[in-house]
Amino acid sequence: MTKKNRRIRKDPHPLLTLFIDYASVIIGSTIVAISFNVFLLPNEVASGGVSGISTILKGLFEWKPAFVQWAFNIPLFAAGLILLGRNFGIKTAVGTVFLPLVVFLTESWEPWTQDPLLGALFGGIMVGLGLGIVFRGKASTGGTDLAAQIITKYTGWTLGTSVAMIDGFIVLAAALVFDIEKGLYALIGLYVTTKTIDLVQVGFGQSKLVYIITTKQMEIRDAIYEEVDRGVTELTATGGYSGTEKPLLMVVIPQTEFTRLKQLVKFIDPSAFVIVSDASEVLGEGFKRP
């Protein structure tokens, strides 16, 4: 396709999409800020991020976390504006200002638990949920999660991996400032946060990617169409030892329907060679849409 004939797909509802993005930033930032004040800060769980830095500095100098977060977010926001573009920067500006604001407004809230383990677990879940929502809005709350967005853009790593790499250094500093036990709690919170971010990013439902090598491809293909009501892609595989071509069927199926598919294949061709792997996110007809 030439450049002249190439069509650029436009969002049919740009204002609605923009509203959803900004709503995601506000809702996600609120969740992160509240979880910081009710779970992480009172239990001295510095599980990474600028919030973790503010927890450490509060322990050392009694500095207000909201002001520390604003102070650190300014240069990081400038970097994001330069490297990630104006649209990203505008939405991130909302998160950069709004999250510390909610931290400031809710700083008098009573802790929801005084148990550091519960604080790390539930704080990690809520922070991961909030950041995942913000990331789905194609923005950031500023701080080290903005740095993680930059790393992800230029390396292809998952957001969870990028956050873990940066925040690991902050957790180490927390262990030195407080104690080893608090550092271990922070690691728990960090792990839960990264897993929750990835879960929010790829969705809660997983599908199975199934490859079937069989001599009865027609029967199995028809059975999948009729009994499971899923599409099948037919490929050709070449045996490494024999050098002969063999039919290969590929099907993506929701996890809840996998047992039915396995039973069908086993019934039709007990000698079929089946390979199964996880498909974290599937888009298209019959599944969910982007």
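**Spans, a helix and its salt bridges**

Reader: How far apart are the end C-alpha atoms of residues 92-110, and what percentage of the span is helix?

Author: Those end atoms lie 29 Å apart, and the span is 74% helix and 0% strand, where helices (H or I, at least four residues) and strands (E, at least two) are DSSP runs numbered from the N terminus. This is a predicted model, in which local features need pLDDT of at least 70 and side-chain atom pairs count only at pLDDT 80 or more, while totals for chains, interfaces and linings use all residues. Residues are numbered from 1 along each chain as its sequence is written, and side-chain values use heavy atoms, leaving out hydrogens and water.

Reader: OK, and what about residues 116-135?

Author: That span is 100% helix and 0% strand, with its end C-alpha atoms 27 Å apart.

Reader: Switching topic, how many salt bridges are there?

Author: The structure holds 7 salt bridges, each being a side-chain nitrogen of Lys or Arg within 4 Å of a carboxyl oxygen of Asp or Glu. In one of them, Lys-91 pairs with Asp-21, the closest N and O atoms being 3.4 Å apart. This pair links distant parts of the chain, with Lys-91 in helix H4 (residues 86-105) and Asp-21 in helix H1 (residues 14-40), 70 residues apart.

Reader: Are Lys-91 and Asp-21 buried or exposed?

Author: Both are buried, meaning under 20% relative accessible area, whereas exposed is over 50% and partly exposed lies in between (1.4 Å probe, protein chains only).
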